[in-house]
Amino acid sequence: LIIGMRPRWIYATTFLWSATSGGRFSAPFLQTVAGFDDFEIGIALATQLILISCCLTPAGIFADWFEQKVHGSGRALVMGLGLSIGTIAILMHSYAYEGDHKFLWYLFLRMLYALGLSLTQVLDGLTLAHLENEGSHSSEYGKERLHGALWWAIGSILLGYSVEILGFTAVYFWSSFSYIVSIAALLLYIAAQKRQRIPQRNEEFSCEYGSLQSNINSIEVEKREEAQKNYESSSTFIEVFWLIFGSVFGMGFLLSCITLFIGFSVTE
């Protein structure tokens, strides 16, 4: 089981978590649990989408940096952190807050959930790195991600039927269940990565001087690691944010997002 762990299983469990922690039911979930009207739902979901978009680049940079610190499991650990943050945010919706700042409380929870969700997006980088390490072509990426799309659909169906029977308390059950399954998949993947590195280390120490081919491979690995260390983002987070929202077009985009999600909430 450990040897056969591939990113496709992480895609399956993570997309299952994403679907059952709200997914397409987020608007009616907020209407029922938080008592939001259509306008408030649109504001909350638009803020969530914008925050996810803004956090993707910093999340990727952080995951790459942490991968260098904890080789072979850095990105998986960042994903685990994102799943934990997102699940905590969803479960905190169960607290019936009735204070003067009710809207701000639930808006904060949606932003916290968006932060966790953005950290799980480093799965794409994890998959591409896995394919590169095993010598597979990057075109295999679609086959891995296909499992995510399949389990997103299954998770939506499961949540839909559960909501009909149990109400929106089903969101708390399914998000907790899929979180546990996702963490288990990540741990198995980390164990598989460590197990695959053991034979490589034994082979390196078995030869005192090593062959010419081994030296060439080691030079290539060093160059690849050095290239990763020297990787720098072409633009900072502030520059990216200003590029998107620092113009008339950007502000129009922001207004369109809010209007679009207001329309979504009315339709749902």
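Helices (H or I, at least four residues) and strands (E, at least two) are taken here as DSSP runs, numbered from the N terminus. The structure is a predicted model, in which local features need pLDDT of at least 70 and side-chain atom pairs count only at pLDDT 80 or more, whereas totals for chains, interfaces and linings use all residues. Residues are numbered from 1 along each chain as its sequence is written, and side-chain values use heavy atoms, with hydrogens and water left out.

The protein chain holds 11 helices and 0 strands, and from the N terminus on its elements run α-α-α-α-α-α-α-α-α-α-α. Of its 268 residues, 37% count as buried, a term that stands for under 20% relative accessible area, with exposed meaning over 50% and partly exposed in between (1.4 Å probe, protein chains only). Where contact means heavy atoms within 4.5 Å, residues 24 or more positions apart account for 79% of the contacts in the protein chain with a separation of 6 or more.

T20 lies in helix α1, which spans residues 7-20, and T20 counts as buried because its relative accessibility is 0%. Leaving aside residues up to four places away in sequence, T20 touches G155, L159, V171, W174, S175 and S178.

Helix packing was examined for two pairs. Two packed helices are described by the angle between their axes and the distance between the axes; the axes are lines fitted to C-alpha atoms, for helices over the stretch in contact, and angles run from 0 to 180 degrees between N-to-C directions. The axes of helix α4 (residues 74-92) and α5 come within 7 Å and cross at roughly 160°, which makes α4 roughly antiparallel to α5. In this classification, angles under 35 degrees count as roughly parallel, over 145 as roughly antiparallel, 65 to 115 as roughly perpendicular and the rest as oblique. The contact is made by V78, M79, L81, G82, L83, I85, G86, A89, I90 and M92 of α4, together with W105, L109, R110, L112, Y113, G116, L119 and T120 of α5. The crossing in which α2 passes α3 is right-handed, and the contact involves S26, A27, L30 and Q31 of α2 and D38, I41, A44 and L45 of α3.

A search of the whole structure for aromatic pairs finds 15. Rings of Phe, Tyr and Trp (its six-membered ring) pair if their centres lie within 6.5 Å, and planes under 30 degrees apart count as stacked, over 60 as edge-to-face and the rest as tilted. One of the pairs is formed by F36 and Y106, an edge-to-face arrangement with 6.1 Å centre to centre and 85° between the planes. This pair links distant parts of the chain, 70 residues apart, with F36 in the loop between α2 (26-33) and α3 (38-69) and Y106 in helix α5 (residues 102-120). F36 is buried, with a relative accessible area of 4%, and Y106 is likewise buried, at 1%. W65 and F66 form a tilted pair, 6.2 Å centre to centre with 40° between the planes; here W65 is partly exposed at 45% relative accessibility, as is F66 at 24%. Y11, F15 and Y141 form one aromatic cluster.

Finally, A129 is found in helix α6 (residues 123-133) and is buried, with a relative accessible area of 18%. Its C-alpha atom is separated by 9.6 Å from that of G72, a residue 57 positions apart from A129 along the chain.

Notes: Left-handed = near helix turned anticlockwise from the far one by under 90°.
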